[in-house]
Amino acid sequence: MTIPFALFFVCGALLVALTIYVLTGGADYGGGVWDLLAAGPRAAAQRDLIERALGPVWEADHVWLILVVVILFDAFPPAFAAIMIAMHVPITLMLVGIVLRGSAFSFRSYGGGRDRAQREWGRLFSIASLVTPVLLGVIIGAIASGSIPKDPRHITDFLLPWMTPVCFAVGLFALALFAYLAAVYLTLETDDAALRDDFRLRAIAAGIAVGAIAGLVLLLAHREAPGIWAGLTQRVWTWPLIWLNGILALAALYALWARRFAVARVCAAGHVALVLWGWAFAQFPFLIEPDLDIYNAAAPPITLKILAGALAAGALILLPSYRYLLKVFKSRPKHRPLSADSPVERHSQ
Amino acid sequence: MPNILAARSQMAMSLAFHIIFSCIGIAMPLLMVVAEWLHRRTGDQVYLLLARRWATGTAIMFAVGAVSGTVLSFELGLLWPHFMKWSGAIIGMPFSLEGFAFFTEAIFLGIYLYGWDRVAPRAHLVAGFIVAFSGMISGVFVVIANSWMNTPVGFRLVNGLPVDIDPIASLTNPAALHETVHMTIAAYAATGFVVAGIHAAMWLRDRGNLFHQRAIAIAFAIGAIAAVLQPLSGDASARAVARLQPLKMAAFEGLFKGGPHAPLAIGGIPDVKDRKLDYAIELPSMLSIMTGHNPDAVIRGLDSFPERNWPAPMIAVHLAFQIMVGAGFAMAGLAMWGALLIVRRRTIFDSIWLLRTMVAAAPLGLIAVEAGWVVTEVGRQPWIIYGVMRTADALTPMPGLTVTFVLFSALYLFLGVTVVYLLWRQVILSPTRAEVPVQAAAL
């Protein structure tokens, strides 16, 4: 079956938006996790670095999620409705997490004043950063493992379908991936060698945890989610994808070990993107197995064509702007004086 | 609480909460860049301090607005999945465009807030203008989606399902123009008045404080211009509603019996059981004159529509309409008073009474916005898509929605109290002597 161009384009945009959300917004959640786990003599410096890294970008990063939602309900309304009905409870909990994470972060950044209040907001921010990715993972796990009932209009059980080991394993997996990404990115956010090494070790530990949890997810998927397991193992494109994924994961760990942080960032981001694509390709063409696929859940062709046009036009404005944002805040100053090692001085540049 | 009532309450509460943050998020960036622009033009440090303080306020409001807006984009599906399934392909368009506008706003707000020392001054100012502009556009697209729910177009109804979908038509639905203009002006008027009123309260306690004086000048100028324009936009909106949704208009007015020489009701409590409006002041023929420009113009009353299609609760629609119009006229009057003082005396700061009234009028704009939202949303009931899908038919089968209603209410109450407290400390309090440079204070 050939895919009409507009449908193909919209599916691609959905996957790209979700990928960028995970690579940027996901890492922002991971930053909150490391805020919670900040320890050792440099705990305060770690938290400060995380706050400076997230501050300018987290809101723009967050909008990728809104874009995913908007594309989903514009292009695949029945799939959106089915997910919203069956996943009402975890989505509601995730929203509470999103609200508390964002508000607490901005209250901490702009609240000024006393240390105690700042610490309380910081704790709320970091706890919400820990819980929200787990819930996002649970929702993705439920979609991937075929836990969304056939006709959501008549479902009566709103808890059992997602309260399964495989869903929670995917939740943990998402948390580990986000924390891993954050730690890798944070190695490039500071010139302080000791602080960088803190995050280097955290990144290596998180990377190993990612591998272990990935094994657990696959084991449970094999038992509980035969559809996605078959997709992962019996398609022509899945094996190259899995091999490439493994190579990138190991390359990222090696680069971290060898302190090649820029290389590690590229490899880790590529690894996480391929995990996501592995899921997408394994499930293709289903949005929700086994009833809704990209053909029978698609909006009429006219809607898809106009949406594709709007996405292309929007990307022309969006991508340069987003790049500019990342360039302003995420690239190292080119003409850095030699004494710029102290964080105070860098901050004031 | 029955599920439908819990769902409607949760939606109403979420919108009532979010609309304050979105209005301020639309208008506050304009105030902030005007202050920065004046600083660049005059070199006056007080304007720079003002721009920075307002930027901090904008950052807090924007963050809470962004997350509460995220909640709404999910809630549409969580509470009304059949609505989204039915209309997603038609009104996905304004939502997608809103996504891009909001994206642009978030990106450039990040640059604005954190880029004071990282980008060139001109680029910084431009980033601020982009934030102000994209914020406005983003609000326009959301309101377009809402206006479609009032005047659904862009499809043909066959066996209760939409066919021949035309997503572009949803953008130009008949209610889109007047709703977006009215809401956009409201955002500037409400924000201008609330900011001017708060700074006026501080100024009255600390006369001659330039920080508050400059703040009032910018905020009141923007709020007053919007407040004077708003009755014109309101008149156009009311006539459009009378034409497009005559039942809704009759509910606004509590007009149980239609006909020529329809009176304009001021105040009053609609009695649905006995079909009459109690305690109202009625201006004879005024509604016919205002709507049809002719005392003989026939206005359809509630009696020409079946009762099962009447909005409920009727009293909320009627009272909210009265409150919105009353607040709007009071704000326009205050704006004219200020304009008169400027023309006659070149300043508003020698009229203590104007500034005191400004303090009293601070919440009027936000009250009008909340009331106006009740007017358009409750006035649309019992339909979620006017004349096409009933709200009750769009409801999720999920039981126990009272729990989520209470959960989000508690969450938003907590956030609301916190935001007020933080704004008070970080943005509104008079700057210390150290913050206002000496040369500026001497001006």
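Searching the whole structure turns up 16 salt bridges over all chains, a salt bridge being a side-chain nitrogen of Lys or Arg within 4 Å of a carboxyl oxygen of Asp or Glu. This is a predicted model, so local features need pLDDT of at least 70 and side-chain atom pairs count only at pLDDT 80 or more, while totals for chains, interfaces and linings use all residues. Residues are numbered from 1 along each chain as its sequence is written, chains are lettered from A and ligands numbered from 1 in the order in which they are written, and side-chain values use heavy atoms, with hydrogens and water left out.

One of the salt bridges pairs A:Asp35 with A:Arg47, with 3.3 Å between the closest N and O atoms. A:Asp35 sits in helix α1 (residues 5-36) of chain A and A:Arg47 in helix α2 (residues 43-54) of chain A, so the pair ties together parts that are twelve residues apart in sequence. Helices here are DSSP runs (H or I, at least four residues; strands are E, at least two), numbered from the N terminus. A:Asp35 is buried at 2% relative accessibility, whereas A:Arg47 is partly exposed at 32%. Buried stands for under 20% relative accessible area, exposed for over 50%, and partly exposed for what lies in between (1.4 Å probe, protein chains only).

Next comes the bridge between the side chains of A:Arg42 and A:Asp198, at 2.8 Å from N to O. This pair links distant parts of the chain, 156 residues apart: A:Arg42 is in the loop between α1 and α2 of chain A, and A:Asp198 is in helix α8 of chain A. That helix covers residues 193-224. A:Arg42 is partly exposed, at 28% relative accessible area, while A:Asp198 is buried at 10%. Setting aside neighbours within four places in sequence, A:Asp198 is in contact with A:Arg42 and A:Gln46, where contact means heavy atoms within 4.5 Å. In chain B, B:Lys276 and B:Asp278 form a salt bridge, their closest N and O atoms 2.9 Å apart. B:Lys276 is partly exposed, at 38% relative accessibility.

Elsewhere in chain A, helix α7 (residues 165-186) has 22 residues and spans 31 Å from its first C-alpha to its last, close to the 32 Å expected at 1.5 Å a residue; the expected span is 1.5 Å times one less than the number of residues. Of those 22 residues, 19 are buried, so α7(A) is largely enclosed by the rest of the structure. A:Cys167 is buried too, with a relative accessible area of 0%, and B:Cys23 is buried at 2%. The disulfide count over all chains is zero, given the requirement for a pair of cysteine sulfur atoms within 2.5 Å. A:Thr132, in helix α6 (residues 115-144) of chain A, is buried at 3% relative accessibility. Beyond its neighbours within four places in sequence, A:Thr132 touches A:Tyr29, A:Met94, A:Gly97 and A:Ile98.

Over in chain B, B:Leu204 belongs to helix α6 (residues 176-205). Its contacts, again leaving aside neighbours within four places in sequence, are B:Ile352, B:Leu355, B:Arg356 and B:Val359.

Finally, B:Ile269, B:Tyr279, B:Ile315, B:Leu319, B:Ile323 and B:Ile367 make a nonpolar surface patch of about 560 Å². Helix α10 (residues 314-345) of chain B supplies the largest share, three residues. B:Ile315 lies in that helix and is partly exposed, at 35% relative accessible area. Patches take residues with over 30% relative accessible area and no salt bridge, joining like charges within 9 Å and nonpolar side chains (Val, Leu, Ile, Met, Phe, Trp, Tyr) within 5 Å.

How values were computed: Accessible areas come from the Shrake-Rupley method with a 1.4 Å probe; for residues, only the protein chains shown count as cover.
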